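Subject: Structure for you to look at

Hello,

Here is the structure I said I would pass on. Please open it first, then read the notes below it.

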Amino acid sequence: MKPDERAFLEECLQRCERETFNNFVVVRPRDLINEGRINHKRAWYLLDKWSRRGLYDYGVNLDLGWFDEAKARAYLGDPKDSA
C-alpha cells in the first residue's frame, strides 16, 4: 500500500460517517476530494479498488459511498475494530 492510499483511507475512516436516519452532517469521500486532499483521478481509482475488495460500497456515484469499517481497518492492519 502506497503512503497516499494509506493516508486517504485513514482520513476517510476518521471523517466519513455512514448516513443514518438522524439529521447530522455526513462527510463523504467527495468532500475530501474537493478539499484537495488527493488528486481526483487517484481518489476514484482507490475508491474503485476498495469497492472491488469489499471495503467500500456505493449506490450511484463512486465518490458518495460508505465504508465497511471493520474490513477497512483490517486492510490497514489496524488491530482495533478488525474483529
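Which backbone nitrogen does a side-chain oxygen of Asn-39 reach at the start of H3? The nitrogen belongs to Lys-41, and the oxygen of Asn-39 comes to within 2.8 Å of that atom. Please keep in mind that this is a predicted model.

Helix H3

H3 covers residues 40-52, 13 residues in total. From its first C-alpha to its last, H3 reaches 18 Å, close to the 18 Å expected at 1.5 Å a residue. Its buried residues are Ala-43, Leu-46, Leu-47, Lys-49 and Trp-50. Seen down the axis of H3, these buried residues fall within an arc of 160°, so they line one face of the helix. Lys-41 and Arg-52, on the other side of H3, are exposed. The cover over the buried residues includes helices H1 (3-15), H2 (29-34) and H4 (69-76), together with strands E1 (56-57) and E2 (66-67). After H3 comes Gly-54, which has a positive phi, near 85°.

The core

The largest nonpolar core has 19 residues. Within this core, Phe-8, Leu-9, Leu-47, Trp-50 and Phe-67 touch the most other members. H1, H2, H3 and H4 each supply at least two residues of the core. Leaving aside residues up to four places away in sequence, Trp-50 touches Glu-5, Phe-8, Leu-9, Leu-55, Tyr-56, Phe-67 and Tyr-75.

Aromatic rings

The count of aromatic pairs comes to four. One of them is Phe-8 with Trp-50, a stacked pair at 5.7 Å centre to centre and 25° between the planes. Phe-8 lies in helix H1 and Trp-50 in helix H3, so this pair ties together parts that are 42 residues apart in sequence. Phe-8 and Trp-50 are both buried. Tyr-56 and Phe-67 make a tilted pair, with 4.8 Å centre to centre and 55° between the planes. This pair links strand E1, which holds Tyr-56, to strand E2, which holds Phe-67, 11 residues apart. Tyr-56 is buried, at a relative accessible area of 3%, and Phe-67 counts as buried at 12%. Phe-8, Trp-50, Tyr-56, Tyr-58 and Phe-67 form one aromatic cluster.

Is Glu-11 buried or exposed? Glu-11, which lies in helix H1, has 19% relative accessibility and so counts as buried, since the cut-off for buried is under 20%. Not counting residues up to four places away in sequence, Glu-11 touches Cys-16, Leu-32 and Arg-37.

Regards

Key
Residues numbered from 1 in each chain as written. Predicted model: local features only at pLDDT ≥ 70, side-chain atom pairs only at ≥ 80, totals over all residues. Heavy atoms only, no water. Helix = DSSP H or I, 4+ residues; strand = E, 2+ residues; numbered from the N terminus. Expected span 1.5 Å × (residues − 1). Buried < 20%, exposed > 50% of the residue type's maximum accessible area, 1.4 Å probe, protein only. Arc of directions from axis to C-beta. Contact = heavy atoms within 4.5 Å. Polar contact = N/O pair within 3.5 Å; in protein donor to acceptor, adjacent residues only side chain to side chain. Core = buried A, V, L, I, M, F, W, Y, C linked by side-chain atoms within 4.5 Å. Phe/Tyr/Trp six-rings, centres within 6.5 Å; stacked < 30°, edge-to-face > 60°.
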